[in-house]
Amino acid sequence: MKKWGELALGVVTSIGGFLEVGSIATSAQGGAEFGYQLAWVLLLGTLSLAMLMEMTGRLAAVSKRTYADLLRERFGYRFFVLPLVAVFVVSLLVLASEIGGVAIALQMATGVAFRWWAIPIALLGWLLLWRGNFSIVEQGTAMLGLVAISFAVGALVLHPTWPTLGRALLPSLPSHDRARYWYIAISILGASISPYLYLFYSAGAIEDEWTIEHLSVNRVTAVFGNVFGGGLAIAALVTAALVFAPREIKVDRYEQIALLLATPLGRAGFVFFVMTLFITCFGATLEIVLAMAYLLAQGFGWNWSENLKPGKDARFSTSYTVLLLLAALPIVLGMDPLSLTNISMVVTAASLPVTVIPLFVLMNDGDLLDTHVNGWPSNLALVVIALISIVLLVAALPLQLLGGG
Amino acid sequence: MGAVQLSHEVIDTQLVDRHQEKIGRIDELLIELEDGKPPRVATIVIGGAARARRVGRWMLACHRAVHALFGQREEHASHVPFGAVRCIADTIEIDVDGDTLDSMHLEHWLATRVICPIPGASGERK
Amino acid sequence: MLQSAGARATHVRLVLVPLLVAAGCGSPPPLDKQLETLESWTATMQLAKERHGAGAITVTYVTQLRDGADEAFQQASTSIGSSARTRADSAYAAAALDSLRNAIRQLEAEIGS
């Protein structure tokens with residue numbers, strides 16, 4: 001009974017935690033400019049993330065160490081510096097975007113310019129991390145994030161053409177503006193497969209004291225949670241395809257995206273959009289800053305846990321405090337959240353090889369995982385994801401220049 | 001009698017003290033060379049420039065520059081005799097009190113001067 | 001010290017590339033992109049007017065959309081002239097700017113500002 005409860009909570013947490021500033025923006029841009037056509041990229045990103053999370057969760061539950069721990073231990077400090085720096089730079093950009101997303105939500109609701117909200121948001125986030133334990137931080141915002149289901153409702157009210165959507169789940173080539181199409185595709189993948197997601201998930205497995213008994217919970221949470229969550233991102237794309245594309249509206253400012261739900265659902269849709277943006281971006285803010293603090297603490301062997309009082313893990317607590325304030329700065333200085341989001345998604349996509357490729361080595365290490373090493377299907381999937389990550393690394397900069405808009 | 005791979009199972013492994021508190025990782029191992037005696041693994045190095053030195057001279061230069069910025073000659077490092085090792089498993093337990101280690105200087109300084117003065121910081125668990 | 005011809009050529013290339021990139025970054029977007037942006041904001045204003053009329057969105061929010069459209073209008077006004085090479089292009093540009101200006105005015109009339 002307890003396990004079913006954990007399972008349900010895990011799935012719900014994953015659904016509510018899937019959407020954030022990057023996935024909302026890239027899905028809206030994709031739907032507005034290419035209709036349903038980029039749905040297959042969302043599906044690819046969602047499935048890739050599900051596999052990566054399942055593997056890092058399994059790694060933690062069986063080896064009793066997080067992915068960050070093992071990156072240091074198995075590959076040595078000299079290699080570890082590479083994913084450390086890459087994830088840090090990328091995550092800081094994404095963190096700033098998420099704070100920007102929360103700030104935009106508050107601006108839409110109150111009329112007060114987004115830059116004035118950045119520091120209060122950082123402080124609120126800090127307070128929750130300071131006082132709250134891991135369960136509160138992880139589950140609280142994710143449960144509230146279920147308000148994102150409003151995207152699914154909005155899409156259904158607009159009566160999408162299901163056969164066309166079904167076909168769009170298969171890879172296709174663009175009929176126009178190729179550079180822009182592939183640029184948005186890369187951004188969608190960057191938004192879906194962010195390293196902080198599986199680093200955080202792996203640390204969460206240790207915070208929740210997972211064991212081999214939790215492997216089924218891990219599998220169901222990672223797969224179903226992300227598939228349903230990814231479904232919400234596809235709903236956002238569909239909504240944009242049905243509201244913006246026929247009117248030839250392109251997303252140039254984040255504020256325009258609220259019209260996606262205000263059109264099918266009226267005032268309720270507008271309110272739900274503002275709530276969705278606030279809650280999902282705020283949840284992502286907490287997740288990302290914790291993931292960065294975890295990476296530092298685990299990599300250098302400091303004491304760490306969101307369940308400990310801050311005085312017991314001073315370097316860990318100081319890390320998330322400083323990072324939150326640092327990430328708020330670009331928004332305080334007035335940097336456009338949508339531009340920041342677009343850049344951070346592409347940079348994220350380009351950084352994937354340094355965290356995806358080492359996983360292949362670890363997931364086949366019998367000393368670490370005993371009989372729970374990858375089977376050939378998981379290895380095949382991981383090789384495909386690794387190859388995609390290399391393509392993204394090579395293509396990211398040229399596409400940013402050609403299709404960045 | 002088992003064998004342990006130094007590079008695979010010792011270097012970079014998480015260290016815990018006698019109270020099971022995390023106190024860093026093994027950043028370097030020093031081998032003692034004495035005339036007429038076989039070399040032996042003598043010292044565990046925690047913190048300091050050892051980590052940076054393993055990456056390369058450029059990293060060492062950055063490390064020294066950062067510490068110079070804070071007015072320190074270099075980061076506090078701890079040298080623990082390898083004989084203090086009690087258990088080598090997923091973590092390596094050493095028979096020391098973490099609070100006495102130089103490498104924990106930053107942790108203690110932050111805890112006493114920065115973190116604990118803020119309400120809600122003290123205590124064990126949330 | 002005299003440089004070889006090859007070294008001089010490399011030196012020139014190293015100077016030219018950043019200049020060209022900077023020039024590329026500084027030049028306005030192509031005309032079709034600017035027209036698309038103007039049409040997009042015109043349509044946004046029309047949708048916002050319709051949604052406000054239906055009570056779906058607040059005046060506070062509509063004002064922010066209007067400000068976004070205004071900014072796009074100002075940016076296009078200054079740069080579209082240099083992108084329009086022919087008389088026909090200039091006519092399209094003028095029409096697109098007019099459409100957006102009218103759409104903004106209609107939205108302002110709708111929200112009573």
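This is a predicted model: local features need pLDDT of at least 70, side-chain atom pairs count only at pLDDT 80 or more; totals for chains, interfaces and linings use all residues.
Student: Are helix 4 and helix 15 of chain A roughly parallel or antiparallel to each other?

Tutor: Roughly antiparallel. Angles over 145 degrees count that way, and this crossing is at roughly 165°. Helix 4 of chain A passes helix 15 of chain A in a left-handed crossing.

Student: Which residues make the contact?

Tutor: From helix 4 of chain A, A:L70, A:L71, A:R74, A:F75, A:L82, A:P83, A:A86 and A:V87. Helix 15 of chain A brings A:V354, A:T355, A:P358 and A:L362.

Student: Switching to chain B. What is the strand order in the open sheet?

Tutor: The order is 3-4-5, with antiparallel pairing. Strand 3 (28–32) and strand 5 (77–81) of chain B stand at the edges. Each has a single partner strand, so one side of each has no neighbour in the sheet. The twist averages 30° from one strand to the next.

Student: How many bridges join strands 3 and 4 of chain B?

Tutor: Strand 3 and strand 4 (residues 40–47) of chain B pair over 5 bridges. Among the partners, B:E28 bridges to B:V45 in strand 4.

Student: Where is confidence lowest in chain B?

Tutor: In helix 1 (residues 6–10) of chain B, at a mean pLDDT of 85. Strand 1 (residues 14–16) of chain B is highest, at 97. Chain B averages 90, and 96% of its residues score at least 70.

Technical notes:
Residues are numbered from 1 along each chain as its sequence is written. Chains are lettered from A and ligands numbered from 1 in the order in which they are written. pLDDT is the predictor's confidence in each residue, from 0 to 100. Helices (H or I, at least four residues) and strands (E, at least two) are DSSP runs, numbered from the N terminus. Two strands pair if DSSP finds at least two bridges between them. Axes are lines fitted to C-alpha atoms, for helices over the stretch in contact, and angles run from 0 to 180 degrees between N-to-C directions. Angles under 35 degrees count as roughly parallel, over 145 as roughly antiparallel, 65 to 115 as roughly perpendicular and the rest as oblique. A crossing is left-handed if the near helix is turned anticlockwise from the far one by less than a right angle, and right-handed if clockwise. Two residues are in contact if their C-beta atoms, placed from the backbone, lie within 7 Å.
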